[in-house]
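Subject: Handover of a structure and notes on its features

Dear colleague,

Please find below the structure that I am passing on to you. My notes on it follow directly after.

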Amino acid sequence: MTKIISPTNNILEKIYKDRLIRSSVTEKSHQWFFHIYFGNYVKYQTAPFQQEILKLTEDQTLPLVAIMAFRGSGKSTIVTCSTAIWSVLGSPNKKYVVILTKTQQQARQHLANIRYEFENNELLRNDFGPFEDKNSEWTSSSLTLPKYGAKIIAVSAEQGIRGLRHREYRPDLLLVDDVEDDQSVRNKDSRDKTYDWFVREVIPIGDENTKIIVVGNLLHRDSLMMRIKNDISKKNREGIFKSYPIINDDKL
């Protein structure tokens with residue numbers, strides 16, 4: 001990740017030494033959670049836009065957040081990995097997290113990254129675990145967390161997603177990550193198909209308390225990200241759109 005920022009060393013040292021304080025602080029703040037438990041990703045000072053992304057993931061009053069940022073900005077690590085974990089373990093108390101990608105290979109990779117943290121992040125395991133027991137179902141496409149009554153799955157746009165349920169819960173957090181690529185945005189029919197999939201299939205699988213976060217790059221002026229921006233700006237959809245180009249462009 002590029003230029004990520006950590007809190008002051010003195011504060012971090014105090015939190016690291018006290019498990020009770022650490023758990024209490026990180027349950028409520030994704031920013032603290034990320035810096036404490038994903039510290040291996042934090043190499044430099046956090047850029048202001050990354051701090052803003054973390055705050056947007058915390059805001060449960062926003063039903064839709066669209067984040068368009070350049071490759072290498074760290075958006076997938078913050079949103080698709082850390083947010084998925086924090087939203088289950090922390091104060092959002094999400095029960096059914098669904099990650100949606102363009103391909104099944106991408107979906108499996110995102111879930112593998114999350115599973116790696118559950119299995120190998122010792123501080124996370126000590127503070128919030130255990131994450132698995134004899135009733136756990138961990139596959140390449142889903143992770144159940146019995147202690148939290150929660151489930152995280154990753155699916156692709158190629159798969160059917162209607163009617164998804166985990167016990168009595170419908171998906172309450174949808175993380176849509178790079179569902180378009182350079183090839184798919186070239187054709188208008190393909191762009192229309194992606195937008196229709198988002199509107200007709202993705203949004204309806206949640207309920208009134210579901211939060212949707214969409215992340216992607218600027219691939220086309222008529223891409224899904226830009227159509228979501230247009231919907232929000234025209235107040236056709238409630239939410240917020242944020243663009244973080246590698247070079248500022250006031251036209252975005």
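Which element gives the largest share of the lining of the largest cavity? The largest share, three residues, comes from strand 6. Before I go further, please note that this is a predicted model, in which local features need pLDDT of at least 70 and side-chain atom pairs count only at pLDDT 80 or more, while totals for chains, interfaces and linings use all residues. Residues are numbered from 1 along each chain as its sequence is written, and side-chain values use heavy atoms, with hydrogens and water left out.

Cavity and pocket

Rolling a probe the size of a water molecule over the atoms shows where empty space is left. On a 1 Å grid over the protein atoms alone, a cavity is a set of points where a 1.4 Å probe fits but cannot get out; a pocket is an open set with protein on both sides within 12 Å along at least five of seven lines, and lining residues have an atom within 4 Å of a point. Grid points are joined across faces, edges and corners, and a volume is the space filled by probe spheres set on the points.

The search of the whole structure finds one cavity of 30 Å³ or more. The largest cavity holds about 80 Å³ of space. Its lining includes Val-176, Asp-177, Val-214, Val-215, Gly-216, Leu-224 and Met-225. Strand 5 (173-177), strand 6 (211-216) and helix 9 (224-233) are the elements that give two or more residues to this lining; helices (H or I, at least four residues) and strands (E, at least two) are DSSP runs, numbered from the N terminus. By class, the cavity lining has seven nonpolar, two polar and three charged residues. Here Ala, Val, Leu, Ile, Met, Phe, Trp, Tyr, Cys and Pro count as nonpolar, Asp, Glu, Lys and Arg as charged, and the others, Gly among them, as polar.

The largest pocket has a volume of about 230 Å³. Among the residues lining the pocket are Lys-102, Glu-158, Lys-193, Trp-197 and Glu-201. The pocket lining divides into three nonpolar, three polar and four charged residues.

Seven strands form an open sheet of mixed pairing, in the order 3-4-2-5-6-1-7; two strands pair if DSSP finds at least two bridges between them. The edge strands, each pairing on one side only, are strand 3 (142-145) and strand 7 (240-244). On average, neighbouring strands of the sheet are turned by 10 degrees against each other, direction ignored. Axes are lines fitted to C-alpha atoms, for helices over the stretch in contact, and angles run from 0 to 180 degrees between N-to-C directions.

Strand 2 (residues 96-101) runs parallel to strand 5, joined by four bridges, and pairs with strand 4 in the parallel sense over six bridges. Ile-99 stands opposite Leu-175 in strand 5 and opposite Ala-154 in strand 4. Strand 3 and strand 4 pair in the antiparallel sense over four bridges, with Thr-144 opposite Lys-151. Their hairpin has four residues between the strands, and Gly-149 takes a positive phi near 60 degrees there.

In strand 4 (residues 150-156), seven of the seven residues are buried, which means under 20% relative accessible area, with exposed over 50% and partly exposed in between (1.4 Å probe, protein chains only). Ala-150, Ile-152, Ala-154 and Ser-156 point one way, and Lys-151, Ile-153 and Val-155 the other.

Helix 9 lies across strand 1, strand 6 and strand 7, at about 135 degrees to strand 1.

Arg-191, in helix 8 (residues 188-202), is buried with a relative accessible area of 8%. Leaving aside neighbours within four places in sequence, Arg-191 is in contact (heavy atoms within 4.5 Å) with residues including His-220, Asp-222 and Arg-227.

His-30, in helix 3 (residues 30-37), is buried at 0% relative accessible area. Beyond its neighbours within four places in sequence, His-30 is in contact with Leu-54, Thr-57, Glu-58, Ile-78, Ser-82, Thr-83 and Trp-86.

Phe-38 lies in the loop between helix 3 and helix 4 and counts as buried at 0% relative accessibility. Not counting residues up to four places away in sequence, Phe-38 touches Phe-33, Cys-81, Ser-82, Ile-85 and Glu-117.

Yours sincerely
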